[in-house]
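Work through the exercises below with the sequence and the structure at hand. Each task is followed by a solution in steps.

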Amino acid sequence: MLEVYCDSSYNEGENSYIGCVVLRSGRQVHQSTTKIPGDPQNNLDCELAALNFAILLVRIFSKGDKEIIIYNDSTEAVKAFQGRVKEIEKELSGSRVNFEYIPREKMNQAAADSLSKKFPVFFSSTSTCDVESFSRREDILSDIAHNESSVFYLEKVPEMSSNKKTCYRLIVRTMKKTLSDDRTYPVKKGGPGTQVKAAEEIRKDLSNPEIISSLKSKGVRLENSYFLLTDETWGLRGTDSQAYSILPSSIPHKVICDEVDRSPQNLFRRAERFK
């Protein structure tokens, strides 16, 4: 079975983007961010473009799959493509195609949403860091397990988010416990990407001596810490294994991720084996 999760971000007066994640038999085989050509007039135009692009990806990645499911979080856009199923199945040599609505909060759809908000690097002058995959780095997992290193990551706060803004909560925890989770960052959508803007705000805070002192009083160790990329912050990931970090470059740290399961739970579950 081939599955494509697609989403778009409409930015009035700005470039708009499509994010896609492709899975075969439950395993991720592709993800991408693509600029929507032309001048889309509204969110529906963008979602229809996302579904059209998903069909293009099906043509690229299909290996005669008998069942193909394309997901999108716009009921109106999904309904429009459900009316074209027979036409599309004919183009795809008889594969059974389904267009299904899925909430944005679901894991792979959240990743597609994040990818649709990943703007080109020229929008920010902030330098990027190498991204290291902890799934292949026993030294990282052992360090987190044995040395109680601080791990920073962001969570989206649904009750404080809306169509116009996204709110992120900064979490700092170790293998044993959460050290800090009381700082939130509401960011207006649009422009150079909500995640990039959130990262810039957090970097400013983590350069503030008062805030640094407050975190240290809670047991947070900034030096030799880790910033974990999750589905909520995958838009900070660039090309060639580079990413923006929420920690200032003056603080020695590493940016880590898992390419498939990006949850904090996955990180600490893997580290548990090295205690």
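Helices here are DSSP runs of H or I with at least four residues, numbered from the N terminus. The model is predicted.

**Exercise 1.** Determine which residues of helix H7 are buried and which are exposed.

Solution. Step 1: take buried as under 20% relative accessible area and exposed as over 50%. Step 2: in H7, which spans residues 209-217, Ile 211, Ile 212 and Leu 215 are buried. Step 3: these three lie on the same side of H7, because the arc they cover around the axis is only 100 degrees. Step 4: Pro 209, Glu 210 and Ser 217 are exposed on the other side of H7. Step 5: strand E9 (178-188) and helix H6 (194-205) are what the buried residues of H7 pack against.

**Exercise 2.** Locate Ser 25 and Glu 148, each a residue other than glycine with a positive phi.

Solution. Step 1: most residues other than glycine have a negative phi. Step 2: Ser 25 has a phi near 55 degrees and sits in the loop between strand E2 (17-24) and strand E3 (27-35). Step 3: Ser 25 counts as exposed because its relative accessibility is 58%. Step 4: Glu 148 has a phi near 50 degrees and is in the loop between helix H5 (138-147) and strand E7 (151-156).

Note on methods
Residues numbered from 1 in each chain as written. Predicted model: local features only at pLDDT ≥ 70, side-chain atom pairs only at ≥ 80, totals over all residues. Heavy atoms only, no water. Buried < 20%, exposed > 50% of the residue type's maximum accessible area, 1.4 Å probe, protein only. Helix = DSSP H or I, 4+ residues; strand = E, 2+ residues; numbered from the N terminus. Arc of directions from axis to C-beta. Contact = heavy atoms within 4.5 Å.
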